[in-house]
Amino acid sequence: MFKKLFAVLTALAMLLSLTAVFAESAEHEPVTISYYSTQAGVDDETVATLAKFMEQYPWITVNYYPCGDDQLAAWLALYSAKTAPTVSLLDCGQILNYSDYMMDLTKAEDPSFFDHVLSGTEFFQKEGDEAIYGIPGSYQGFSLLYNKTIVKAVFGEDFDVDTVNTVDKLVEFFDKIEAAGYPSTVVFSADWALGAHYLGCQLFSEWLGDKETQRKIMADLKEGNYNLMENEHFNNLMNVFDILKERNINKADPLADTQEGDLELLSHGKVATMFQGDWNWLAIRNFENIDELGIMQLPLTNDADDPRNSMILGSCPKGYAVDIYQNTPEQQAAGVLLAQWLALSPEGEDFMVRLIGSTLPFDNVTAVNENPLAVSTQEYLNEGRILDCSTYLCEAPTDFWLVCGPFMQAYLAGQSDRATLAQEIQDYFADLD
Amino acid sequence: MVTRRGWDTWKLILLFFCPALFVWLTAMVIPFLYGIFISFTKWDGIATEYTLIGFANYVKVFNTSKFWLSLQRTGIYTIGTVVLSNVMGLILGLLLTSSLKGRNAFRTAIYVPNVVGGVAMGYIWQYIFSYGFTRIGQSMGIPGLSTSMLSDPTGAMVALVLVSSWQLSAYLMIIYVAGFTNVPAELVEAARVDGATSWGVFRNVRLPMIRPSITICLFLAIVRSFMVFDVNLSLTDGGPFNSTELIALRIYNTAFVSLKFGNAQAQAVILFIIVAIISVLQAYFTQKREVQM
């Protein structure tokens, strides 16, 4: 009797929920939209996530455009073909560059989804403009990645890497690691890593540099009012780079490395540290002992009380934007639904946290992150120990890393000196339109 | 007045001519003209409205030393690749038209690199240069091989020339094989009867007879070398420190990284003019030396 009643109730519940879905569908006109993602290498998973969205919003059909190697070229090609994606997951800089074609999301029908966003929306705003052109897609932290197994073996179980908060202590830290027979660091030599992350993010973030500070440095460089060789921060940055360069495991052939190769060295305990970020989850998730990876600060001065020396760098790299140029108002409304669902729904968060291994700057995250580096970032974020360099990433000239990265490579390879490097960076800014 | 027969002929001409003309116009001429137009504008890559800025992009390009540096590098690369790929193609063509056992199998095997895409091939060779050769060098204690060629500016350019020539020579080989096959056997026979050595037969009979093949091979090699992009992108990506950024890669980066589409198009137009002049001159001078039977 009880079983029969249970079966009838279950059937009724299913019928009711189906009726609700159909009723909701009947209220809306069918609409077809598209989604372009610059999150490469997870196409099948993206399609599966979009299928979940279409289950929940049956009147919306979403076509997926995966990105290729040339992310921006493929995206622009869609605009040329008059098939602009309704929702795009793009670098925040690109969203600002093309903000004329993007929706001001504060003017969405119901912008209350922004209430859940803890930080990052300001990076989708242009200077002097209140409009917000993107919903943050993730947050990322970067600094010195380290192998906990090596650190424990050399310094003992209770060693706290937070104590490495001066340059002298960093040198001592490296010395002891090397004395124990481990190479202390590997310098990843890609132009984008050296140009955007080591140089760009650290240079423009200055000491505890906020948004305005970062903007001022860029403006001063453009106007020729910023002499790098006389700048204490630039010299500190390069002094520490010299330490890393001198101890680089690839010192004999510093430009022949690959990202995968360097990460493998770190994960497998063949080198103790590497300046990189938590975004490498897809590359490292299949390695053994990945739980033994963490992020620590890279001190730049000998002042232990300088809060800068206890912080890692962070930024909001990508966001969801909605096209208003080639999509109808109905498509735009459906696009806003998709964008906020991808950012804030449990399914969207599960995708970004569990699969991509990202930290999310939202107040409703329940997905458990398996990426130990992102867990580390989250801890720094919670403790307020992140120096945010999103302004530089969003507002610096888009080719800064492409032009200045090779200058850093030449410096790493010993083909250039500090004065030449400084002059080249200044010349680059002087030559900007 | 057009007769019925004349009208039928015109219909036939249009039937065969129009589809090709349509494809040529839409795929080549219109984009080319549109590209020239873009070079006179400031454009963001999306807008349907363009800001005309006259010759400002050309002035900027002419005043950018890195453009000329990149063009100079492309010239060096082109000379290396044109010479090496043609010498290799010629030698392979000669060998594979001799009475070599299994020559058809060799022709197929040697042609394979040309079938593999430039991007895939670039990545394969990047691995070989960075890990293959260096492992051999380290294990055998050869200092020159212990470090990657790709991390040295000269070595990276040499690697680029080698890989491109390896791929291009396979294509040119086919043209040279066709050329050698068409050399009349009685001419070779007559030269041998007159006492010519193998080298003499090659230099005085075969080589002059394949000049049309040399003309077309040089033309193809020059154009392909000036326009190279895929191998450049995948093998060196312009590195180390921009020392191998050839002109096509520079144009791509100017457009899609620097977001200066007008400037990139201006560079492309200048490149087109340079390549057109060099190719026409080359075709004119090599054709003049061709032997007419």
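# Briefing: a predicted model with chains A and B

The buried residues of α13(B) are covered by elements that include α1 (4-38), β1 (41-42), α2 (56-62), α3 (65-95), α10 (211-226) and α12 of chain B. Helices (H or I, at least four residues) and strands (E, at least two) are DSSP runs, numbered from the N terminus. A residue is buried if 20 or more other C-beta atoms lie within 10 Å of its own, exposed if 12 or fewer, and partly exposed in between, with C-beta atoms placed from the backbone.

This is a predicted model, in which local features need pLDDT of at least 70, side-chain atom pairs count only at pLDDT 80 or more, and totals for chains, interfaces and linings use all residues. Residues are numbered from 1 along each chain as its sequence is written, while chains are lettered from A and ligands numbered from 1 in the order in which they are written.

**Chain B overall**

- Chain B has 13 helices and two strands.
- The C-alpha trace of chain B spans about 85 × 70 × 30 Å along its principal axes.
- Of the 293 residues in chain B, 33% are buried.
- Of the contacts in chain B between residues at least 6 apart in sequence, 71% join residues at least 24 apart. Two residues are in contact if their C-beta atoms, placed from the backbone, lie within 7 Å.

**Helix α13 of chain B**

- The 28 residues of α13(B) should span 40 Å at 1.5 Å a residue, and the end C-alpha atoms are 40 Å apart, which agrees. The expected span of a helix is 1.5 Å times one less than its number of residues.
- The buried residues in α13(B) are B:F261, B:G262, B:N263, B:A264, B:Q265, B:A266, B:Q267, B:A268 and B:L271.

**Backbone exceptions in chain B**

- Most residues other than glycine have a negative phi, and most peptide bonds are trans.
- A cis peptide bond links B:G239 to B:P240, with omega about -5 degrees. B:P240 sits in the loop between α11 (230-236) and α12 (247-256) of chain B.
- B:N242 is not glycine, yet its phi is positive, near 65 degrees. B:N242 also belongs to the loop between α11 and α12 of chain B. B:N242 counts as buried because it has 25 C-beta neighbours inside 10 Å.
- B:L259 has a positive phi too, near 60 degrees. B:L259 lies in the loop between α12 and α13 (261-288) of chain B. B:L259 is buried, as 21 other C-beta atoms lie within 10 Å.

**Domains of chain A**

- Chain A is divided into domain 1 (30-139 + 316-373) and domain 2 (140-312 + 397-430). These bounds come from an automatic or database domain assignment.
- The C-alpha centres of domain 1 and domain 2 of chain A are 30 Å apart.
- The contact between them takes 14 residues from domain 1 of chain A and 13 residues from domain 2 of chain A.
- On the side of domain 1 of chain A that touches domain 2 of chain A, α4 (92-97) and α14 (372-382) of chain A each supply at least two residues.
- That side of domain 1 of chain A has five nonpolar, eight polar and one charged residues. Ala, Val, Leu, Ile, Met, Phe, Trp, Tyr, Cys and Pro count as nonpolar, Asp, Glu, Lys and Arg as charged, and the others, Gly among them, as polar.

**Strand β9 of chain A**

- In a regular strand the side chains alternate between the two faces of the sheet.
- In β9 (residues 312-315) of chain A, A:I312 and A:G314 point one way and A:L313 and A:S315 the other way, and all are buried.
- Strand β5 (residues 140-147) of chain A runs antiparallel to β9(A), joined by three bridges. A:Q140 has A:S315 as its bridge partner in β9(A).
- Strand β11 (residues 386-388) of chain A runs parallel to β9(A), also joined by three bridges. A:I312 has A:I386 as its bridge partner in β11(A).
- Two strands pair if DSSP finds at least two bridges between them.

**A:W192 and its contacts**

- A:W192 is in helix α7 (residues 191-205) of chain A. A:W192 is partly exposed, with 13 other C-beta atoms within 10 Å.
- Leaving aside neighbours within four places in sequence, A:W192 is in contact with A:W401 and A:G405.
- A:W192 and A:W401 are 209 residues apart along the chain, but their C-alpha atoms are separated by 5.3 Å.

**Where the chains meet**

- The contact between the chains involves 21 residues of chain A and 16 residues of chain B.
- On the side of chain A that touches chain B, α3 (71-80) and α16 (400-412) of chain A each supply at least two residues.
- The side of chain A that touches chain B has 13 nonpolar, four polar and four charged residues.
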